[in-house]
Amino acid sequence: MKNLNKEDIGKFIGEMKKFISDNEMKIFKSHNEHKRYYLRVFDKIGEKEEYIKISRLRKSSTRYFFEEFATIMTYVDAKYKDSENILWRWCGDEQPEPNLMYDGIIMQDKTVVEKIEIVCPFHSQEDIIAGMSLNETGTYCCDPVYVDDYEEFCKNKVLEEVIKKNSKKTYDNSITLVVMFDEYKFLPSSKLMDKNFIDSLFSKLKNIDYIFKNVYILMDKYDGSSFKYEPYLIQIK
C-alpha cells in the first residue's frame with residue numbers, strides 16, 4: 001500500500017464515517033440483524049485496502065467498528081451460534097454501570113448473560129507503529145516485520161495487553177475478557193494444527209489472578225492453503 005499523509009488519512013476516515021453509525025451498533029438487536037448491518041457496511045468500505053489499514057488509527061467509529069463491534073460479533077458467533085433469543089449491543093463510549101466500563105452486553109430472554117471487554121493486542125501494536133510514523137515522518141507506514149523470535153513476540157504481546165487490562169480498576173468479576181488473536185503472519189498452518197503449540201502460546205496467561213469472571217482467547221478465522229477453521233474460543237479462566 002502506498003504511503004499516506006495525514007490529509008489522506010483524514011479523507012479516508014471521513015468517507016468511512018458516512019457508512020458507520022454508532023447509534024446502530026449501540027441498539028440491542030438479534031445476532032443476525034447485527035451481522036447484516038456489519039456486512040452492509042463492510043460491502044461499502046471493505047474493498048479498499050487503505051480503509052482497513054487506517055481504520056484503527058484514531059479513536060473514532062471506524063476503529064470501534066472493526067476492533068470492538070466486529071470482535072463482539074465474532075465472539076457471539078463462536079459461543080452462542082446455536083442459542084435462541086440472543087440480543088447484544090456495543091456499548092461505545094458509555095459507562096454502562098457506575099465505576100465499570102466494558103465494550104458489549106449480551107442478553108438472552110431479557111436477562112444479561114455476559115458483559116464483554118475486548119482487547120486486540122496486535123491491533124494496538126499496529127496503531128503505535130503507524131502513529132509514530134505519522135508523527136515522525138508525516139506519512140503512514142504500518143508494515144512491521146517480526147520474523148525473528150516471532151512466536152515469543154506473540155506470546156509476550158498477548159500477555160502484556162492482558163496484564164494491562166487486569167490491572168485497571170474499571171473492571172470486576174462480572175465481566176468477561178475476550179482477547180482477539182488474529183496474528184497469523186508468520187505462523188504456518190502446521191503449527192496452527194498443533195494443539196500443544198496453541199496451548200504454549202497462552203500458557204502464561206493461566207498463571208494470572210484475574211479480576212475478570214471469565215477470560216477467553218478468540219482465535220479468529222484462518223484460511224490458509226492447507227488448513228482452514230472458523231473462529232473458536234480457548235477458555236483461560
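In which crossing, left-handed or right-handed, does α3 pass α5? In this predicted model, for which local features require pLDDT of at least 70 and side-chain atom pairs count only at pLDDT 80 or more, totals for chains, interfaces and linings use all residues. Residues are numbered from 1 along each chain as its sequence is written, and side-chain values use heavy atoms, with hydrogens and water left out.

The crossing of α3 past α5 is left-handed, a term applied when the near helix is turned anticlockwise from the far one by less than a right angle, the clockwise case being right-handed. Two packed helices are described by the angle between their axes and the distance between the axes. For helix α3 (residues 31-45) and helix α5 (residues 61-80), the angle is about 140° and the axes are 11 Å apart. Axes here are lines fitted to C-alpha atoms, for helices over the stretch in contact, and angles run from 0 to 180 degrees between N-to-C directions. The two helices α3 and α5 are therefore oblique to each other; angles under 35 degrees count as roughly parallel, over 145 as roughly antiparallel, 65 to 115 as roughly perpendicular, and the rest as oblique. On the α3 side, the residues in contact (heavy atoms within 4.5 Å) are H31, H34, K35, Y37, Y38, V41, F42 and I45. Their partners in α5 are F65, F66, F69, A70, M73, V76 and D77. By class, the residues of the contact of α3 with α5 comprise 11 nonpolar, two polar and two charged. In this division Ala, Val, Leu, Ile, Met, Phe, Trp, Tyr, Cys and Pro count as nonpolar, Asp, Glu, Lys and Arg as charged, and the others, Gly among them, as polar.

The chain as a whole contains nine helices and nine strands, which are DSSP runs numbered from the N terminus (helices: H or I, at least four residues; strands: E, at least two). Of its 237 residues, 49% are buried; buried means under 20% relative accessible area, exposed over 50%, and partly exposed in between, with a 1.4 Å probe and protein chains only. Among contacts between residues at least 6 apart in sequence, 69% join residues at least 24 apart.

The largest nonpolar core comprises 37 residues, a nonpolar core being a set of buried Ala, Val, Leu, Ile, Met, Phe, Trp, Tyr and Cys residues joined through side-chain atoms within 4.5 Å. Within the largest core, V158, F181, F202, L205, I217 and M219 have the most contacts. At least two residues of this core come from each of β3 (104-108), α7 (150-166), β5 (175-181), α9 (195-201) and β6 (214-219). The greatest contribution to this core is that of α7, with six residues. Leaving aside residues up to four places away in sequence, F202 touches V158, F181, I217, M219, I234 and I236. Another core, of 29 residues, lies apart from the largest one and includes I13, Y37, F66 and W90.

Several residues illustrate pairings across the sequence. I86, in strand β2, is buried at a relative accessible area of 8%. Although I86 and H31 are 55 residues apart in sequence, their C-alpha atoms are 6.7 Å apart in space. Beyond residues up to four places away in sequence, I86 touches K29, S30, H31, V76, Y80, I106, M107 and Q108. I27 belongs to the loop between α2 (22-26) and β1 (29-30) and is partly exposed, at 40% relative accessibility. A C-alpha separation of 7.8 Å is found between I27 and W88, which are 61 residues apart along the chain. With residues up to four places away in sequence not counted, the contacts of I27 are H34, W88 and R89. K169, in the loop between α7 and β5, is exposed at 74% relative accessibility.

Positive phi values occur at two residues other than glycine, taken in turn. N99 has a phi of about 70°; N99 lies in the loop between β2 (86-90) and β3 and is exposed at 61% relative accessibility. K110 has a phi near 70°, sits in the loop between β3 and β4 (111-119), and is exposed with a relative accessible area of 79%. By contrast, S189, found in helix α8 (residues 189-192), is buried, with a relative accessible area of 11%.
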